[in-house]
Amino acid sequence: MAETTAPILELDRVSKRFDRTVVADDLCLGIERGEFFTFLGPSGSGKSSTLRIIAGLAKPDSGRILIEGKDVGTVPPWRRNLGMVFQQYAIFPHMTVAENVAYGLKVRHMARGERQRRVEELVDLVGLSGMEKKNVTLLSGGEQQRVAVARALAPRPAILLLDEPLAALDEKIRREMQTELKHLQRGTGTTFLYVTHDQEEALTMSDRIAVLNRGVCVQCDRPEALFRRPRARFVAGFFRGCNVLEARLLALRGAEADIEIAGQAVTIERGEQPERAPGDCDVAVRAENILIGAAASNAPVRLDVALEEMIYRGTNVDHHLTFRDGQKAIATSTRRELDSAPVEVSIGFRREDVILLAD
C-alpha cells in the first residue's frame with residue numbers, strides 16, 4: 001500500500017436519511033491511497049447508499065466528501081474521477097469486449113492509437129486476451145464482470161467503487177474472482193472501495209473493513225483483527241462461528257477481568273477495555289477456540305455444559321452446547337470429540353480467547 005500524508009477519500013461527518021431510515025449516521029472515515037477498503041454489513045446497513053453518496057448519485061443531508069483533499073459536494077458524478085462496477089455488469093450487449101473497454105476513453109476523446117494501447121493493456125490485465133473481438137453476450141458471467149472492471153479502470157480513476165460486483169456469480173466463479181480482483185488491485189495500485197454483505201469476501205480481499213449497521217460504523221479494522229478480536233456485540237455476532245454470551249463483569253484488575261458465565265466465575269484477559277463498573281456484560285469466543293472433552297482437561301478456563309448434539313460438516317464437526325443458564329454455543333473441531341450426545345461435558349479455552357466486548 002502506498003504511503004501518503006492524507007487519505008485519498010474522506011467522509012467528514014456524513015449523514016443521510018430516507019424518510020425514517022438512516023443510511024449514514026455521522027460517518028467519519030479516511031481511506032488511504034492504494035488501499036482495498038470494504039464496507040461490510042447486512043442488508044439495510046447503509047453500505048450501498050454510502051457508496052452512492054460518494055459517487056455523487058445521492059446527496060448527503062450533512063457532512064462533506066473529500067476526494068484527494070477536495071470537497072466534491074458540488075461536483076457532478078462524471079467529474080469526480082471515480083470508476084464504478086455494479087452487480088448487474090452494466091456493459092453494452094451490442095458491443096465487443098474491446099469496444100466496451102474503450103467506451104469511456106472514446107467519450108474522453110483519447111487518441112485512437114493511445115486508446116487501442118490502453119484497451120490491449122487492460123484486456124490482458126483482466127485475463128481476456130484473444131477475446132477482444134468477441135461479443136460480450138457470448139461471455140460467461142465471470143468474464144462479463146472482468147469486462148466491466150476493465151472498462152471502469154480504463155480512464156485511470158482515482159478510486160474504483162464496486163457495489164456487490166460478485167453477488168450474481170456462482171460460488172466457484174465468485175471465489176476465483178475474489179483472488180483475481182485482489183491481484184488486479186495490487187497490480188494497478190488503484191484504490192478500491194468495495195461493498196459486500198459476504199464476510200468471506202471481505203476478509204479475503206480487504207486491507208481494512210468498516211462494519212456498518214443502520215448507517216453507523218460499528219468497527220473499522222484489519223480483517224484479522226475484526227475476525228479474531230471484535231470489540232462490539234454486533235461485530236462479534238455478525239461473523240460466522242463466533243459465540244456471543246451474556247455474562248457479568250465482577251472486576252477489572254490490571255490486565256485481567258473477573259467475570260461470571262452461567263453462574264461460574266472465571267478470569268480472562270481484559271484486552272483493550274477501558275475502566276468500567278461491574279455489571280452485565282457480553283463476551284465472545286470463537287467456536288474453534290472452545291476445547292471440549294479430554295482436550296479441555298488442561299485448559300486455563302473450564303466450564304461445565306451439556307453437549308446436545310454433534311453435526312458433521314465435512315471438514316468440521318459442530319458440537320452444540322447448552323450452558324447451565326440455558327445459553328447456547330457451538331464448539332467446532334476437525335473431528336468428533338465425544339462418542340455420543342446428549343451428555344454432560346467440560347469445555348475449556350485460553351484466557352485470551354474470551355473477549356470482553358464493549359459496554
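The model is predicted, so local features need pLDDT of at least 70 and side-chain atom pairs count only at pLDDT 80 or more, while totals for chains, interfaces and linings use all residues. Residues are numbered from 1 along each chain as its sequence is written, and side-chain values use heavy atoms, leaving out hydrogens and water.

**The sheet**
- Strand 3 (residues 36-40) and strand 9 (residues 208-213) run parallel and are joined by 4 bridges; strands pair if DSSP finds at least two bridges between them.
- An open sheet of 6 strands has the order 6-7-8-3-9-10, with mixed pairing.
- Its edge strands, each pairing on one side only, are strand 6 (82-85) and strand 10 (216-221).
- Strands (E, at least two residues) and helices (H or I, at least four) are DSSP runs, numbered from the N terminus.

**The largest pocket**
- This pocket has a volume of about 680 Å³, where a volume is the space filled by probe spheres set on grid points joined across faces, edges and corners.
- A pocket is an open set of points on a 1 Å grid over the protein atoms alone, where a 1.4 Å probe fits, with protein on both sides within 12 Å along at least five of seven lines; lining residues have an atom within 4 Å of a point.
- Of its 22 lining residues, L82, G83, M84, R108 and P155 lie nearest the centre.
- Strand 6 gives the most to this lining, with 4 residues.

**The second largest pocket**
- Here the volume is about 400 Å³.
- Helix 6 gives the most to the lining, with 3 residues.
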